[in-house]
Amino acid sequence: MNLLIVALAMYGLIVSDNLIRKIMCLTILESMIILAFLGTGYAEGRAAPILGAAAEPMVDPVPQALMLTAIVIGVCFNSLALAFIVKLYQKTRTLKASELHEF
Amino acid sequence: MNSETLIVAFPLIPLFALGVAVTVHLLLRRDISRHAVVASHALQLAAGIMLLIAFRDAQGTVRIPLAKFAYSIEFAFDRHRLYFLAAYLTPLIFSVFRLRQLDSFLLRVIFLFYLGGCSGLIVAGDVFNFFVSYELMIMAAYVLIAVRRDYFASVKYMLFGAVSSAFFLAGIITLYASGEYLGFEFVDGARSWPAGNFIWLMVFFSTAFFIKGAFFPVSSWVSTCHSATISLVSAFLGSFTVFSGIFGLLYLVVKPAAALDFQAVFVLVRGISLLTILLPGLFAFFEPDLKRIVAGSTVYTMGFIGLMLSYQLYDAALAYMVVHAVYKSLMFYLLDNVRLEGTTLTGRTSTFIAGAVCVLFTTGFFPSLVHFVKAPLLAEQMIYRMTAMTAMFLLAAGFLKYRRTVSDEPAETRVIALAGAGLLLYYFLFSSWTRPGIGGLLVEAGLLAAAFFGAPRLFTALSRFSSLDRRWVFAGLNAELFYVLLLFAFALIVLMAGAN
C-alpha cells in the first residue's frame with residue numbers, strides 16, 4: 001500500500017502543472033517514507049516508548065525519535081514553500097509550472 | 001583547546017552567534033547581528049585553521065558520540081573532511097568583502113543559520129546528523145535564494161531538495177531496517193545483511209546524492225538557483241553547498257562500495273559523471289546570461305569529481321573541489337563589477353584579466369592547477385580525454401563568446417589579490433605535477449585559440465539553435481522532475497545487473 005501511494009505521489013509530482021499540487025504530492029511522499037520508517041520499529045501489542053510507564057515490552061523508540069525531526073523539517077518545508085508560492089502568485093498571477101518555467 | 005572540543009564547537013559557533021543576536025534583539029531592541037556575523041566568521045576561521053593544522057597528517061577517524069547511547073548524535077572528523085572544511089572556509093573568507101549585501105537583521109540571522117548547517121555537515125558522524133545539518137543548511141538557502149525576489153528559483157530548489165531528501169530518508173530506512181546503527185561505518189555489518197539490502201541502499205543513496213550534487217540529468221537547477229541570488233550567497237552555494245552531494249557520495253556510496261568491492265557502483269558513477277562533464281559545455285555555449293553560465297559550470301566540476309571518486313582518486317577529487325571553491329567565489333564576485341548588454345561585457349581590464357584566469361581554471365586548460373589535478377584521471381581512458389576536450393572547448397567558447405569593452409567600473413583588487421594568493425598556495429599544496437606531453441599541449445592550445453578567436457562568430461552563426469539545450473535537455477520543470485525517476489530507474493538497473 002505504501003509503495004502504491006509513493007508511486008501515486010511521484011506521478012502527481014511529475015505530471016501536475018500546479019505548484020501547490022506538487023507540494024502536496026511531496027508531502028504525501030514524505031509522509032509515506034516517515035510511515036515506512038515508523039513501521040520498521042513497530043511490533044504488535046507493544047507499548048508506546050514513554051519513560052516511567054509500566055515495565056512492559058515497548059516498540060523501538062529510535063524510528064519515532066528520528067521521524068519527529070523529519071516531521072518538523074517537513075512542516076518547515078511546507079510553510080516556506082507555500083509562502084514562496086503565495087509571493088510567486090502575487091508577482092506572476094499564475095501557479096502553472098509550464099508558464100513559470102524560465103527556460 | 002583539544003581537537004575534539006574544536007570539532008564539537010565548530011558548528012555551534014554560528015548558531016551561538018545567532019542565539020545571542022536574536023536574544024539581544026528581543027530583550028534590548030538592539031541589532032547586533034552584524035557584529036555577530038563578524039564574530040562568528042573570526043571564530044570559525046580560527047577554529048577551522050586549528051583543525052586544518054591538527055588533522056593535516058591524521059590517520060583514521062576521530063569519533064565523538066555525545067552520549068553513551070548507541071544511537072546518540074555523533075560528530076566525526078578525518079583527513080578527507082579537511083578538504084570540505086577548506087572548501088567551506090574559502091567562501092567564508094571571501095564573504096568578508098560582501099557582508100554589506102546582507103542588509104537586514106533577518107537576512108543576517110538566516111545567514112548564520114545557513115553557516116550552522118554547513119559547518120554541522122562537515123563534522124557529522126552519523127547519517128541522521130548529516131540529514132539534519134543538510135536540511136538546516138538548505139532550509140536557510142531556500143530563503144537566501146529568494147533575496148532578490150526570484151521566488152521561482154527558490155521553489156525549484158525546494159522541489160529538487162525535497163525529492164533528494166526523500167531518497168536519502170529511504171536510504172536511512174534501508175540502513176536501519178538492515179539492523180545497523182546509523183553511523184557512516186556500516187560496511188562490516190553489510191556483509192551479513194539480507195540479499196538485496198545493500199543494493200537498495202546504494203540505489204537510494206546514489207540517487208539522492210546525484211540530485212544533491214547536480215549530476216546529469218538532474219543538473220538544470222544549479223544554473224537557475226545559484227544565479228538567482230546575491231553574489232555572497234551564490235559563492236557559498238557554488239563553492240560548498242552543492243558539494244554536500246559529493247560528501248554523501250564519498251562517505252555513503254563510494255567508500256562502502258569500495259570496501260565491499262561492489263564494482264557496479266563505480267560503473268554507475270562513471271557513466272553519470274561522464275555525461276555530467278559534457279552537458280554544461282553545451283549549456284554554456286548557448287546560454288546568453290553570464291551569471292547562469294558561471295553557476296552552471298559548477299556541474300562540469302561535479303562530473304570530474306564524480307569520475308575521480310569512481311577511481312578512488314580521493315585526494316585529487318577533493319583537491320579539485322577546494323580549488324574550485326576559490327575561483328568560483330572570485331567569479332561570482334567579479335560579476336558584481338561587469339555589465340552585460342546583449343553579448344557585450346563592460347568592465348575594467350583587471351576584472352577581465354582575473355576573469356580570464358578563472359575561465360582557465362574552470363575549463364582546466366594548461367597551466368591551471370585543475371589541469372594537473374585531473375591529469376591522472378584523463379590518462380585512464382581515451383574516451384575521458386575526448387569528452388574532456390569537447391567539454392573544455394564548449395565551456396571556454398561559452399565564456400569567450402562575449403565581446404568585451406573596457407570601462408571605469410570599480411576594481412576588486414583586494415578580492416582578486418586574495419584569490420590569487422589562495423590559488424598560488426594551492427599550487428604548492430595539491431599539485432601532482434604530471435608533466436604534460438607536447439602533443440596534448442598543442443591540442444589544448446589549439447582548442448583555447450579556437451575558442452578565443454572563433455567563439456563570438458560561432459555563437460552568432462549558431463544562435464538560431466540557441467534554444468537547443470532548452471528544448472532537448474531542459475524541457476520544463478515536469479520533465480526535469482521526470483529525470484529524477486529516470487535516474488533512479490537507471491541506478492536500479494545498473495546496480496541490479498551488476499550484482500547478478
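Thr174(B) is buried in this predicted model, with a relative accessible area of 13%, a value that falls under the 20% limit for burial. The residue belongs to helix α6 of chain B, and, once neighbours within four places in sequence are left aside, Thr174(B) is in contact with Asn197(B), Trp200(B), Leu201(B) and Phe204(B).

**The nonpolar core and buried residues**

- The largest nonpolar core holds 229 residues, and those that touch the most other members are Tyr88(B), Phe111(B), Tyr114(B) and Ile172(B).
- In soluble globular proteins, nonpolar side chains tend to be buried together.
- His41(B), a residue of helix α2 (residues 33-54) of chain B, is buried as well, with a relative accessible area of 5%.
- The contacts of His41(B), not counting residues up to four places away in sequence, are Leu92(B), Ser95(B), Val96(B), Leu99(B), Phe111(B) and Leu115(B); of these, Phe111(B) is also one of the residues that touch the most other members of the largest nonpolar core.

**Helix pairing within chain A**

- Helix α1 (residues 2-15) and helix α2 (residues 19-41) of chain A pack with their axes 8 Å apart and at an angle of about 160°; because this angle is over 145 degrees, α1(A) is roughly antiparallel to α2(A).
- The crossing that α1(A) makes with α2(A) is left-handed.
- On the α1(A) side the contact involves Asn2(A), Ile5(A), Val6(A), Ala9(A), Met10(A), Gly12(A), Leu13(A) and Ile14(A), which meet Lys22(A), Cys25(A), Leu26(A), Ile28(A), Leu29(A), Met32(A), Leu35(A) and Ala36(A) of α2(A).
- Sorted by class, the residues in the contact of α1(A) with α2(A) are 13 nonpolar, two polar and one charged.

- The crossing of α3(A) and α5(B) is left-handed.
- Helix α3(A) contributes Leu66(A), Met67(A), Thr69(A), Ala70(A), Ile73(A), Cys76(A), Phe77(A), Leu80(A) and Phe84(A) to the contact, while α5(B) contributes Phe128(B), Phe131(B), Val132(B), Glu135(B), Met139(B), Tyr142(B) and Val143(B).
- By class, the contact of α3(A) with α5(B) comprises 14 nonpolar residues, one polar and one charged.

**Backbone features in loops of chain B**

- Phe216(B) and Pro217(B) are joined by a cis peptide bond with omega of about 0°, and Pro217(B) is found in the loop between α8 (197-212) and α9 (220-226) of chain B.
- A cis peptide bond also joins Phe366(B) and Pro367(B), here with omega of about 10°; Pro367(B) has its place in the loop between α16 (349-363) and α17 of chain B.
- Arg29(B), although not a glycine, has a positive phi of about 60°; this residue sits in the loop between α1 (3-28) and α2 of chain B and is exposed, with a relative accessible area of 67%.
- Asp261(B), likewise a residue other than glycine, has a positive phi near 50°; the loop between α11 (244-259) and α12 (263-286) of chain B holds this residue, which counts as exposed at 52% relative accessibility.

**A partly exposed loop residue**

- Glu380(B) lies in the loop between α17 (369-378) and α18 (382-400) of chain B and, at 40% relative accessibility, counts as partly exposed.
- Between the C-alpha atoms of Glu380(B) and Lys401(B), which are 21 residues apart along the chain, the separation is 32 Å.

Methods. Residues are numbered from 1 along each chain as its sequence is written. Chains are lettered from A and ligands numbered from 1 in the order in which they are written. This is a predicted model: local features need pLDDT of at least 70, side-chain atom pairs count only at pLDDT 80 or more; totals for chains, interfaces and linings use all residues. Side-chain values use heavy atoms; hydrogens and water are left out. Axes are lines fitted to C-alpha atoms, for helices over the stretch in contact, and angles run from 0 to 180 degrees between N-to-C directions. Helices (H or I, at least four residues) and strands (E, at least two) are DSSP runs, numbered from the N terminus. Angles under 35 degrees count as roughly parallel, over 145 as roughly antiparallel, 65 to 115 as roughly perpendicular and the rest as oblique. A crossing is left-handed if the near helix is turned anticlockwise from the far one by less than a right angle, and right-handed if clockwise. Contact means heavy atoms within 4.5 Å. Ala, Val, Leu, Ile, Met, Phe, Trp, Tyr, Cys and Pro count as nonpolar, Asp, Glu, Lys and Arg as charged, and the others, Gly among them, as polar. A nonpolar core is a set of buried Ala, Val, Leu, Ile, Met, Phe, Trp, Tyr and Cys residues joined through side-chain atoms within 4.5 Å. Buried means under 20% relative accessible area, exposed over 50%, partly exposed in between (1.4 Å probe, protein chains only).
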